[in-house]
Amino acid sequence: MHKAKLLITTLLAFGVMLTALATPKMQPLFNRTYPTSKDSDVAKAKCAVCHTKGKELNAYGKDVAKAMQDRKAKDLTAEILKSIENLDSDKDGANNGAELKAGTLPGDSKSKPAS
Ligand SMILES: [Ca+2]
């Protein structure tokens, strides 16, 4: 019984590790495409630029995923990110490109460029 519990705990720990490694290239690519100051909303949000909690995607993350699916792309590219700059994923009136240039979150309508 104790051994089974230990085995399950170990497997769960590996599962969490694999999930965390699922997209290790996405964030560095995003940061290279949209360099921003350390105190911007984008820098503070880290994974939350595209995700709500865990693996769930916010409005911007869903648009990124859709652009990847449209191209049948396995890996995210700067071209894919730039292809959705004209969208306003979070519908706050500022398009994704303007938000990322300002360091605000394109998937969170509460974060938008100062007008
Ligand atoms: Ca927006």
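Helices are taken here as DSSP runs of at least four residues, numbered from the N terminus, and in this predicted model the place of Ala67 is in one such run, helix α4. Helix α4 spans residues 59–70, twelve residues in all, and reaches 16 Å from its first C-alpha to its last, which is close to the 16 Å expected at 1.5 Å a residue. The helix is followed by Lys72, a residue whose phi is positive, near 50°.

Within α4, the residues Ala59, Tyr60, Gly61, Asp63 and Val64 are buried, and what covers the buried residues of this helix includes α5 (78–83) and α6 (96–102). Ala67, by contrast, counts as partly exposed because it has 19 C-beta neighbours inside 10 Å, whereas a residue is called buried if 20 or more lie within that distance. Neighbours within four places in sequence being left aside, Ala67 is in contact with Ile80, Ser83 and Ile84; of these, Ser83 lies 16 residues away along the chain, and its C-alpha atom is separated from that of Ala67 by 7.6 Å.

The largest nonpolar core of the model has twelve residues, namely Phe30, Tyr34, Val42, Val49, Cys50, Ala59, Tyr60, Val64, Leu76, Leu81, Leu100 and Leu105. The largest share of this core, three residues, comes from α4. Tyr60, a member of the core, is in contact with Val49, Cys50, Ser89, Asp90, Asn96, Pro106 and Gly107 when its neighbours within four places in sequence are left aside, and among these partners Val49 and Cys50 are themselves listed in the core.

Terms used:
Residues numbered from 1 in each chain as written. Predicted model: local features only at pLDDT ≥ 70, side-chain atom pairs only at ≥ 80, totals over all residues. Helix = DSSP H or I, 4+ residues; strand = E, 2+ residues; numbered from the N terminus. Expected span 1.5 Å × (residues − 1). Contact = placed C-beta atoms within 7 Å. Core = buried A, V, L, I, M, F, W, Y, C linked by C-beta atoms within 7 Å.
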